[in-house]
Amino acid sequence: MTQLSEIMNRTLITVDTRTSLRRAQRMLDQHHIRHLFVMDGKRLVGIVTDRDLRKAAPSSKSPLTTSEREEFMDELKVVEVMSRKLITASPTTTAREAAKVMVREKIGCLPVVDGNTLVGIVTETDLLEILVRGEEAS
């Protein structure tokens, strides 16, 4: 049984609660990722996704100018739009159990925590790669 410690990504891109939505969007784009962990010091307090940022952003059809939209996104902080409902897994959680949780909760990633320490992330893509590797092996 594959454990999350074997497949999780240990490179964690995090922001603090005071990070602006505009900066968070730049970080997602720069790292080609869809999830940012929101930290208060060393404590995981939330997660913000590309979808959260799109929902919070003013529409391009709004009467705001580009600079007014950018100013809005600079003023709004991730703490105001992040999800505080954190569903986590441990490094010893199996990939199968992680997949079941992600399907049941309709989430695209799981933060992996060891005690109170954030140690990794597992995404839908990580789990699909296991499935593909299993298919290739048979």
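## Overall fold

Take contacts between residues at least 6 apart in sequence: 56% of them join residues at least 24 apart (contact means heavy atoms within 4.5 Å). This is a predicted model, where local features need pLDDT of at least 70, side-chain atom pairs count only at pLDDT 80 or more, and totals for chains, interfaces and linings use all residues. Residues are numbered from 1 along each chain as its sequence is written, and side-chain values use heavy atoms, leaving out hydrogens and water.

The protein has six helices and five strands, running α-β-α-β-β-α-α-α-β-β-α along the sequence. These are DSSP runs numbered from the N terminus, with helices being H or I of at least four residues and strands E of at least two. Of its 138 residues, 37% are buried, i.e. under 20% relative accessible area with a 1.4 Å probe, protein chains only.

## Largest pocket

The largest pocket holds about 520 Å³. Here a pocket is an open set of points on a 1 Å grid over the protein atoms alone, where a 1.4 Å probe fits, with protein on both sides within 12 Å along at least five of seven lines; lining residues have an atom within 4 Å of a point. A volume is the space filled by probe spheres set on the points, which are joined across faces, edges and corners.

There are 19 lining residues, with His35, Thr49, Lys106, Ile107 and Gly108 closest to the centre. Helix H3 (50-56) is among the elements giving two or more residues, and H3 gives the most, four.

## Second largest pocket

This one comes in at about 300 Å³. Its lining has 14 residues, and Asn9, Ile33, Arg34, Ile121 and Thr123 lie nearest its centre.

Terms used. Buried < 20%, exposed > 50% of the residue type's maximum accessible area, 1.4 Å probe, protein only.
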